[in-house]
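Please keep the sequence and the structure in view while reading.

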Amino acid sequence: MKAKIVILPGDGIGPEVIKVSQKILEQISHKFDHQFEIEEQLIGGIAIDKEQNPLPHETSKACLEADAVLLGAVGGPKWDDPTAKMRPEQGLLGLRKKLDLFANLRPINPHHDLISASPLKEEKLLGVDFIVVRELTGGIYFGQPSERRVVDGQIQSLDTMVYNESEIERVANLAFNLARERSGKLTSVDKANVLESSRLWREVVTRVAKEHSDIELEHLLVDAAAMHLLTRPATFDVIVTANLFGDILTDEASILTGSLGNLPSASIGNQLNSLGYPRGVYEPIHGSAPDIAGLGIANPIGTILSTAMMLRHSLGLETEAKAIEKVIDDVLTAGYRTADLVNDGETEISTEVLSGHILERLD
Ligand code: NAD
């Protein structure tokens with residue numbers, strides 16, 4: 001098969017983890033006889049430096065024409081000036097909006113041999129296997145006004161958490177359908193006791209639930225959900241929540257797997273690519289990790305598992321996706337770990353050495 005893939009390494013450890021996935025894609029294309037046309041483009045801080053735009057026109061155009069997009073991470077202290085007109089994150093948010101990627105899927109499924117890498121007790125982690133559906137193109141990350149202004153002689157700043165019915169309906173429907181493919185349970189997370197936008201969220205999700213009466217629906221307030229993720233993580237199956245809550249809860253949930261570096265994600269919407277599959281952006285959930293950038297120690301697993309999700313969801317290549325997931329399972333079982341995953345007495349290996357083991361097994 002032929003597919004056009006755009007790669008956006010971005011900033012910090014982004015290029016380090018993307019490099020491994022690029023080699024994996026090349027190997028998969030040889031092994032399974034596919035033609036992947038891979039094009040690299042700029043996004044984030046590096047795009048500000050080179051093109052004075054966090055999402056250059058060339059990048060948007062290439063992504064709109066691609067069958068799938070694989071992204072590293074954006075951001076870093078170099079572009080953190082609070083008064084700057086352009087921020088790397090605008091590139092990411094702009095891309096999600098442009099491709100109308102309203103749902104971000106984040107599977108959380110700790111590897112059996114990484115249980116000791118998590119600070120949680122083993123008995124809490126047994127049987128944990130859930131997926132968070134984070135609404136991605138609405139809520140407080142996009143609401144207007146979002147500004148600084150002077151009121152009564154002092155600076156005031158505000159952001160707006162705004163949702164309309166159709167935005168909630170479409171992501172809720174997607175989550176209910178996903179729950180049907182799994183064990184039939186959906187948890188909707190909001191802050192309906194305080195926020196008006198969350199009251200609408202709960203009302204719409206409850207209404208949509210009537211069309212999915214075979215699915216068991218639970219509502220949780222986000223503060224309680226943050227606690228339940230640590231006290232009873234194995235009871236969740238599919239969680240659907242607003243943009244901000246999903247962002248925060250999944251960083252917390254990543255620790256169930258031992259490291260933020262392990263978690264992949266798929267951002268999808270209703271647009272189909274030239275192959276008839278959902279067009280998507282696939283990226284690890286972690287950021288650009290400036291504290292370890294350039295040291296060669298980043299964990300590439302989140303990006304590699306994102307690559308597997310890309311092959312499955314946007315290119316329809318289930319066998320190839322499974323082959324990658326099996327290799328990741330095997331290297332972890334064999335005890336190969338980057339610095340973020342080692343316990344006392346265990347040996348850490350570099351990104352490059354880990355990727356060598358992965359590529360060798362994939363062969
Ligand atoms: P971060 O996710 O970059 O890092 C948090 C911690 O996790 C750091 O200690 C880091 O070293 C570690 N970590 C993250 N990924 C890792 C990996 N693959 N292997 C090993 N360790 C890893 O979050 P942050 O430090 O709060 O943010 C840094 C920058 O990233 C900021 O500019 C932020 O805006 C940006 N950011 C970007 C995205 C994105 O591109 N999707 C997401 C979150 C944050």
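## Residues in loops

Gln52 has a relative accessible area of 52% and is exposed, because the cut-off for that class is over 50%. The model in which this value was computed is a predicted one. Gln52 sits in the loop between helix H2 (45–51) and H3. The phi angle of Gln52 is near 55°, which is a positive value in a residue other than glycine.

A positive phi also occurs at Asp152, where the angle is near 50° and the residue is again not glycine. Asp152 lies in the loop between S6 and strand S7 (154–158). With 79% relative accessibility, Asp152 counts as exposed. As background to these angles, most residues other than glycine have a negative phi, and most peptide bonds are trans.

Which two residues are joined by a cis peptide bond? They are Gln144 and Pro145, and omega of this bond is about 5°. Pro145 belongs to the loop between strand S5 (130–135) and strand S6 (147–151).

Lys210 is found in the loop between helix H7 (196–209) and strand S9 (216–221). Its relative accessible area is 67%, and Lys210 is therefore exposed.

## Residues in helices

Gln27 is part of helix H1 (residues 14–32). Is Gln27 buried or exposed? Gln27 counts as buried, because its relative accessibility is 16% and the cut-off for buried is under 20%. Leaving out residues up to four places away in sequence, Gln27 touches Leu359, Leu362 and Asp363.

Leu64 is part of helix H3 (residues 57–65). Its relative accessibility of 35% makes Leu64 partly exposed. When residues up to four places away in sequence are not counted, Leu64 touches Lys98, Leu99 and Arg279.

Lys97 is part of helix H4 (residues 88–98). Lys97 has a relative accessible area of 42% and is partly exposed. Which residues does Lys97 touch, not counting those up to four places away in sequence? The answer is Thr137 and Phe142.

## Distances along the chain and in space

Two residues can be compared by their separation in sequence and by the distance between their C-alpha atoms. The table gives both for some pairs.

| Pair | Separation in sequence | C-alpha distance |
|---|---|---|
| Leu64 and Val331 | 267 residues | 35 Å |
| Gln27 and Gly258 | 231 residues | 28 Å |
| Lys97 and Arg199 | 102 residues | 24 Å |
| Lys210 and Gly139 | 71 residues | 24 Å |

Contacts can be sorted by separation in sequence as well. Of the contacts in the protein chain between residues at least 6 apart in sequence, 75% join residues at least 24 apart.

## The two domains

How is the protein chain divided? There is a domain 1, made of 1–118 + 268–363, and a domain 2, made of 121–256. To the contact, domain 1 gives 18 residues and domain 2 gives 27 residues. The centres of domain 1 and domain 2, taken over C-alpha atoms, are separated by 24 Å.

## The chain as a whole

The protein chain contains 12 helices and 12 strands.

Of the 363 residues in the protein chain, 52% are buried. Gln27, described above, counts as buried. The accessible surface of the protein chain comes to about 15900 Å², and carbon and sulfur atoms account for 51% of this surface.

Methods. Residues are numbered from 1 along each chain as its sequence is written. This is a predicted model: local features need pLDDT of at least 70, side-chain atom pairs count only at pLDDT 80 or more; totals for chains, interfaces and linings use all residues. Side-chain values use heavy atoms; hydrogens and water are left out. Helices (H or I, at least four residues) and strands (E, at least two) are DSSP runs, numbered from the N terminus. Buried means under 20% relative accessible area, exposed over 50%, partly exposed in between (1.4 Å probe, protein chains only). Contact means heavy atoms within 4.5 Å. Accessible areas come from the Shrake-Rupley method with a 1.4 Å probe; for residues, only the protein chains shown count as cover. Domain bounds come from an automatic or database domain assignment.
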